[in-house]
Each structure stands twice: as C-alpha cells, then as structure tokens.
Amino acid sequence: MNEIMRRLLWLPDEASTFAGAVDKLHFFVVTVTMLASVATGLLAFGFFFKYRERRPNQSTPIIVPSVKFELAVIGVPLAFFLAWFFQGYRDYIWYTTPPANATDIYVMGKKWMWKFSYGGDGPNAIGTLHVPANRPVRLLMTSRDVIHSFYVPDFRIKQDVLPGRYTETWFEATKPGRYQVLCAEYCGTWHSQMWGEIVVMPGPEFDQWLLDQRAGQNAARVDSGGDDGASFHGSLVEYGKRIAMAQGCLKCHSVTGEPHIGPTWLDLYQRRETLETGEQIVADEAYLTDSMIDPRGKIVKGFKPVMPTYKGRLAAPEAAALVEFIKSLRSTSLENVPSKEAVYEPVNRAR
Amino acid sequence: MSSSEATAHAAPGRGDPHLAHHFDTQDQQDGAVRLGMWLFLGTEVLLFAGLFLGYTVYRHFFHEAFHECSRALSLPLGTLNTVILITSSLFVALAHVAIKQDKQKQAAGLLVLTILCALAFLVIKSFEYAHKFEVGELPGKWFSNPEITAPGANLYFTVYFLATGLHAFHVIVGMSVLAWVLKGVLKGKYGPRNNVAVELGGLYWHLVDLVWIFLFPLLYLI
Amino acid sequence: MSQSTELDNAGDAEGRPVVNYLNHDRGVMSWLTTVDHKRIGVMYLVSVLIAFLLGGIFAEAVRLELLTPDPTIMGANTYNRMFTLHGAVMIFLFMIPGIPGVFGNFCLPLMLGAKDVAFPRLNLLSLYLYWTGATIALAGMIMGGTDTGWTFYAPYSTTTPMTVFPVLFGIFILGFSSILTGLNFIVTIHTLRAPGMGWMRLPLFVWATYATSIIQVLATPVIGLTVMLVGIERVGGFGFFDATKGGDPVLFQHMFWFYSHPAVYIMVLPAMGVVSEAIAAFSRKNIFGYKMIAYSSLGIAFVGFFAWGHHMFVSGQSTFENGAFAVISMFVGVFTAIKVFNWVGTLYRGAIAVKAPLVYICGFLFFVVFGGMTGIAVATISLDVHWHDTYFVVAHFHFIMVGAVIMAFLIALHYWFPKMFGRMYNEGWAMVAAGFIVLGFNATFIPQFLLGNAGMPRRYYMYPERFQALNVASTAGSSLLALGFVIILVYLIFALVRGPKAVDNPWGSRGYEWMTTSPPPKHNFHEQPVITQDAHSYQNPGEEVEHVVI
C-alpha cells in the first residue's frame, strides 16, 4: 500500500529513517486533502443541477446555521489540522534532535558547490559525501556567500545553509546507494546546477574507505581543498590551528592545560563546566560556537568576562575549523601517539 | 427625475465651500479626515517599527557594542533636542487651542515658534552628525573609529543613522506641513468650527515628537 | 452641472438615461484628471490587465524553457530574470492592486450607497503612484534585469551584480499606492455608509475589502522599509542584512514575510468577498452564515499577521518558533474552511442560474479547498521539510493565487462587466473559455505538486531528467490556460464595442450596487439610496418565506 501511494505521488525512495515517518503522514494528509476538495467541487457541481433555477424570480428558503452546525464546521477541520500539526511536530522534533552517537561532518555551501569536511583529520571533498549506512550522521553546515539549502529528496531532509551562522541537520541512511543533493534556496546563476551526491556505503566498507582516504597523501585524496581551497590545503584541524593563531585566541587560551586568561582548550570539548550563574553545562559544539559569537553569555566560573565577541570577525567555516581544532585537543592524544582509529570513533556526546 | 446634485444641494450644510460633494455634513467630513490621519499615523508607527526591531535584534547580538556606542553620543545635545521637541509639541497644541478660540494671531505665532523649534532641532542634529563624520562613527563598512573596538559598533551606527535619519526626514515633512497650515492661518482659512487641518497638522507633529521620545532613551540613555 | 442635469433627463428608447460616468465627459484628460472612483477603477482594470498580460508572457517563457532539462530558448541569467519578472509583476502589479484596485474602487462606494470614496483625490494619487512605481520597477527589470526572485532574499539581493535598486524603489512606491487605497477604503466604510446600513448589513465584499484594507495599512509600511534597507545595503553598505558586517540575513526574511504573508490575504480576501457576492446572486439565496463569513475575514486578517514564520521552517529558526508558527497557521485554515462550508451551504436549495461565473465558482471551490489544505499540509512542519522551496510549494500557492484569486477576478469581471460598461458579453464563448481555464489550470499545476513530491526545487533553470515528463505536462497545461485567457480577452473586447446593451440588473442580483443604472451615473445614484433590508436578501416581497435551521 505504502509503495503504491509512493509511486502514485512520484515520491523518491525512502532511503532514511526519517523518510518513512514523513511519508506516512504525507499519505494521510494528501488523501484527506484530495477527498475534501473533490467532495466540495462535486457537491457544488451537483447542487448546480439539483437546485437549478426553475422559474424566473424564484423564491428560496432562508437557511441559517445552528450553533451545532457552526461548532461542527469549526471543530472538524480544526481537529484534523491540529492532529496533523501534532504528528508533524513530533516527527520534526525527532528530526531536529540528532542522536548522541552521530558522526559529525562539516558542510559548506558556496556558489555553486557543496564542500564536505570530515571531523578530525579529513578528508575533504567537493560534491560527493560518503556516509555509512545505518549510522546517524550529523551535518554542521554553513555558507561562504549567500543562503543555500541542503536538500536530499530521498532522505526527505532539507536545511538552509546560512552565511555567518551554523545550522545542523542529521540523517540515518538505510540503503546503500547514491542519492542526489540539490540546492533548494535560490542562489544565483547556476542555482539549478548546485548538485552534489551522497554515497551511502555499508558500515565496514565506509570505515575502510575512510582509512584509505586518511592514509593517503593530501593530494591523493578525494579532494585536497580546504575551506578556502586556494590558500589552504590540509585538514580542518590544521586550518583551525592556523585561525586560532591568526585571531589571537591562543593569547588567552592555552592548549597545554595551563590556566590562563581564558579556560584552557585542552580537553575542553565535552568538559562539564560550572558557570558564574551556578548552572552546569557541557562544552559541546553549540557552546563553543556560541562562546565565539556571544562570549559573555555563559562565563565559566572563575573567569572574567573579558573576551570580545567574534561575530562578524570569524567566517563561519573558520568557526567550524576552530571547533574541530578544540575537539582535537585531547590530553590522551597529546601524550600518546594519536591513534588514527580513535579520531573517527563516533563522538560520544552527552545528549 | 431629479438629479442627486439638486437634492444634495438643498440639504442642510451644503452651502459650505469646505465641504466636498460626497459628504453630507461637516462633522462627517471631519470625522473621515481624522480617521484617515490616525490610520496614516498607524502606518508611520509600523514603518519605524521595522527599525526598532532591527535595534532590538542587534542590541541582543552586540550588547557590549551598543552599550559602549550609546556612551559615545552627546547626552547634553540629545537632551536639549528632546526638550526642544517636547516644547514644540506644546506650542502646536496651544496653536490648536488658540484657533478654536479664534485667536488667529496667537495661533500663527505659536505655529512659527513650533517651526523654529523644529529648525533648532535639525541644526543641533546636524552638529551631532558632523561630529560623527569627523571621528568615523559611521554605519556599516564606513565605520572607522579606532577607539570603539567592540564588534557590532558599525551596526549600532547603522541603526543610529537609519533611525535618526528617517526621523529627521519626518521632521522636515512635519515642518512643511506646519508651514502649509501656517499659510492657511495667515489667510484666515480656519476658525472655531473649521480647524481640522490645524488639529491634524499638530497630530502629525506629535507623532514626530513621539518617535523621538522612543529613540532618545534607546540610542542615548541605555 | 445644470447642463448635465438636463442631459440626465434625456433617455434612450427604453427611457433609460444615456449619460453615465463613462460618457459625461470625453477625452483622455477627462480620464486622467478624474476623481470619480468608477473611472479610477476602470483605469486600474486596464493597468492590471496589461500587467497580467506581461506576467503571463513571462510565465509562458519560463514554462517553455522548462520543457526540456537542458537550456533551450534562453540562458541561465535570462531565465532567472524571467521568473523574477513573472513573480514581481504578478504579485506587485496584478495580484495586490487587482481586485481591490479595480472592483474595490468601482463597487465599494456603490455597495455602500455613497457618492464616492472618502478621499477621491487621494484615490487618484494611488493610481498615479501605481503607474509611477510600475514604470520604475519595470524599467529597472527590463533595462538591467533583476535576478533575485520576487522575494529579494538577502544576502543574495544585496550582493548580486545585477540591477536591483530601481525594482526595490518601484516596490516602495507601489507600497504607498497600496497603503493609500487601503486607508481610503477603511475611512469610506466607516463614514460613508448609506442611511440604514449598519455594520451587519454590509455586503460581504465590503467586509472582505475592509479586512484587506487593514492588512494593507498595517503590513505594507514594513515591506517599504525592508526593501529600502536592502537598497541602502546595496548602495551604502550599511551592513543591516550582511553577515560579513555582523548583520543578520534571517532578519530580512522575518521582515519580508511579516508583510508578504499577510499580503497573501491582501490578494485572497477580496477574492473570497467576490465569491460571496456572486454565489448569493447566482443562487438567488440569502447568504448562509453571513456573520461567520464576515467575522472569518477579520479572523484571517488578524491571525494572518502572526503566521509569517511558516515560510521559514528550514531557515534555522528554533524548534519552538517553528511549532508556534505552525499552530497559528492551522487557525487560518479553519477560517477558510468556515467560508467554504458557508458557500456550499448557500448553494444548497438555491435557485441556481448556471452562467459562466458559476463555472469559475465551481473551480474556485475545488481549488481553494485543495490549495488551502495543501497549505495546511506545508504548514505541517515535518512534511514541509521535504516540500519547502520545491514545486509543491509553487503548485500550492498557484492554486491559491491563480485557482482562487484569478478565478475570483474572472468571476468579478463577468459579474460586474454589465455594471461597469453597460454591455453583455457572449455567454457561449464565456462558457468555452471557462472550460479551458479550469481544465488548463488543473493540467498546469497538478503535475507541479507531483514535481515537488519528486523533489524538484523551485527556480530551477536546468533539472535532472527524471523530472521531464511532469514538466512537459505542466507546460502543455499552461498553453491551454493561456488559450482560455486569450478567448476571454477577445470576446470581452468584442462585447465592449459591439455587445448588446445590458439591462440595469441582468442577473436579478440584490446587491446594493445593482440599485442604480448600469452603467451608473456620474455620482452613482440618481437618488440617495436608503437601505431597508439585509445584504444578499432574496425574499420576494409578499411571498411566504420558509425558514430552515440546519
């Protein structure tokens, strides 16, 4: 039944966990819509014949709605609409809440291409995103120029990609295969060609692919371009380190664990911090980017609110690189030779 | 068949040259004009509302910068301007009272005073602007004052110049409206029964005043 | 004046006056300097029809280009300008001034029993502002070309190298025109009602226009400011919407939709008003649930102000905001549903004369329910994630814009044509054209729903090949639709010149505007009308009336 409806409505494959849920509601809503509108049209059409004018100046009865009728015409549609809203909002909340074990991938849109950067040590890619099947993937997205929108019809996901801001979306692909990425927010001349592809691989195959990519020389990777391809080659972490030096972050934040004007970045990621207000927070991606944009919003206890905001100073990809740099600063990995597998382990976020 | 013109002319109150053909009585016409003016003032409020929204959003984003920049404005000049505008509003209200009592000369004098106040406001404002240009406290990409380092200062001055600029434009429009009303008063067009133009000119001026009363604390005080 | 009084007394063969608002004065200048609301309405009619023709040509160009996945008749930049032209011309030059400017101006004072609108000169100024704004915007779009889409999303609109400023300035001026029209109508409805016309006796078109005018007055200043901010950003680099200077592009979207969502109701509420009038007239029946229809217009106007965020579900708005805007949007749907029930209820047990306008009404009822409920569907957030910015949304709003508003425009044009010009059109051709339009419309836009389902984003110049079949179907349908409009144009122009003289009230309508001659005299009524019965009252005097409560 589902399959028939899907084909009848020209819907693409249901290739993510979200797609199934969306389509069920979709079928229900569209069926009710079609029934209601056809019924209205036919009813009116029928009345044209049944109650056609039989003689000139014909008189007609005065028909007034009773309170019951009024309540019914308000209540019935409202009940339907609110039910749709309720189910739709539930699904939506699920869709906006990435699971804690999701793999993070950075996405940057620019006229007219998609760039993907894997956390940790790369690789970076233009146009093609490799992801594992049956594992949640979170995309942290930003734009270099105008607004774009990351759209994968087969996954039923879409999220605008904004300059100067971060947006996130996530999915869990269910079927290995190739799926088209489209830009859905008008962005200029070649908006209609801003396509990409998601290659969904079975989990083990993906792991192997990642190892291969990471092991190769930069030049041999899928793509060696960084966020600013012309001026930088290498991983996001290296890029972040360069930004941290250029922006003067390291004047106040140490990377060695020593306390300084600001909290040290070593092991900062996922650290539990107590704020001035006594509130407990976990320094996740959201907190880190927030603190660059609005540093005085959440001050860690014992530190002075002296950090200037970097809103407008840090391009969004730079903020992303900084977060990746901070995430890479683990005391274990500083002491030991960094274990390559460890970098790619699904990040354990305390959600 | 008698034309509507003929019957209408016979109706009471028809002889009045101020009464347009499609109204029956002066009261009806005055009511329409008043309602129209109030609606127009409503659109003005919503026009400024967009800028107040921008102010709110960017104040939220750049709290520090907005605080720092509001200190950079000249509080004495701002206060002086506020006093001048409030006084001018008083003058224009008194002018309406005077015309209702048929004191034509007094009304004309009060309107002149109102317009002079408006002029004084603009002169003081232009001094403030000139200073901003000197020290580079300018909007957006033009901002160049090295003393204010907080990011977002440029947006404060974007909002500042847009809001005060739009307000200054309204001051100029208000002056023109009042000058037009003054011309009518000098010609003796208005009297105790026929003064809705004076009233509405004043109403517009009160709006100009009111907008400033919101702008002043937002930009200068907090 | 005395001369015209004498002329008024002269009659044609049937004893009807030969002097009316159309011919009491002749020459172009007498039209350009008129303050008569009826003449201004007619001038609006000509203007918006030219705009509609232009917008239609641009639409056909877009559809032709989309016949194949690859470039054919135009380049990418031309295509982008073309859909921008289509959107901007249709929205700002046709939809928004359309029904209020033409039929609001023409009928509102007649329906109120007034001699004119409250501020006749301001009314003429609105028209001149419309012409000025339209000229500036069109000149800008044609000479430089704007490729931002009619939504002007920052930062694209602030950074594109094409000419944008003249279009923004044109829209700013058009905004003034819209505000002044709305303001004029509100004051007219408040102050110029005929003796005996209480608020609950207002014709439903007047109620709809009243609600529309409130939106025009309250929402339009915000778009005026917003487009000027974009213009200032382009010219002066003030950074208001520019992320690189700390500005917030999403703020633009909030300010834009704060106007543009209510603007949908500026377009659709008058359309609903027209349908209420025409349904009562052609079924010769008291409108069913008058108060519910009247209040639901106000309800839509009010709630419509708080639903704008449903255009921004995937823009990065917070989950909470999205939920709030979604719930509010559901209520707009309920108000529309109330109206639909009442319209169908009015048909029930009527004495229905099946004329061309009724074909459009039948289409309208189907389109407004389908368009409205797909609107509720896209306000259901999880579904919108897939549909947002795809052809599904395009199809949905065309169902409302074309399926509801243009159908209503055509209903109004046919229903009030004898009133405006005193001549009848050819009923047979009208039926044929109506058939083409209703069928062509379905053929054009139903495939677009499916395209959206399949995942084709809007504003696409080239598209993956799997979308071609549906695009071909849509383009084929659009040519039927276009053919329908051409037929209408031909028989209406013919009727204007050669059509048989209409009697004063050819439909036997009880609408107040039919109480005067067709066309009306210069000052609308030969004698001041006094209203003694409710609007849309179809009881014959002296006959027993059956009262039914359902």
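**Getting to know chain C**

Visitor: Which residues does Val275(C) contact, leaving aside its neighbours within four places in sequence?
Guide: This is a predicted model, so we are reading computed positions. Contact here asks for C-beta atoms within 7 Å. With those neighbours set aside, the partners of Val275(C) are Trp343(C), Ile361(C), Phe364(C), Ala408(C) and Ile411(C).

Visitor: Are α12(C) and α14(C) roughly parallel or antiparallel?
Guide: Helix α12 covers residues 356-379 of chain C and helix α14 covers residues 391-421. Their axes are 8 Å apart and the packing angle is about 155°. Angles over 145 degrees count as roughly antiparallel. Therefore α12(C) and α14(C) are roughly antiparallel.

Visitor: And is the crossing of α12(C) and α14(C) left-handed or right-handed?
Guide: Let's stay with this pair, whose axes lie 8 Å apart. The way α12(C) passes α14(C) makes the crossing left-handed.

Visitor: What radius of gyration does chain C have, next to that of a compact globule?
Guide: The C-alpha trace of chain C spans about 70 × 55 × 45 Å along its principal axes. For 550 residues, a compact globule would come out near 24 Å. Chain C agrees with that, because its radius of gyration is 23 Å.

Visitor: How much of chain C counts as buried?
Guide: Buried means that 20 or more other C-beta atoms lie within 10 Å of a residue's own. Chain C has 550 residues, and the buried share is 66%.

Methods: Residues numbered from 1 in each chain as written. Chains lettered and ligands numbered in written order. Predicted model: local features only at pLDDT ≥ 70, side-chain atom pairs only at ≥ 80, totals over all residues. Contact = placed C-beta atoms within 7 Å. Rg over C-alpha atoms; globule rule 2.2 N^0.38 Å. Buried ≥ 20, exposed ≤ 12 C-beta atoms within 10 Å, placed from the backbone. Axes fitted to C-alpha atoms, helices over the stretch in contact; angles between N-to-C directions. Helix = DSSP H or I, 4+ residues; strand = E, 2+ residues; numbered from the N terminus. Parallel < 35°, antiparallel > 145°, perpendicular 65-115°, else oblique. Left-handed = near helix turned anticlockwise from the far one by under 90°.
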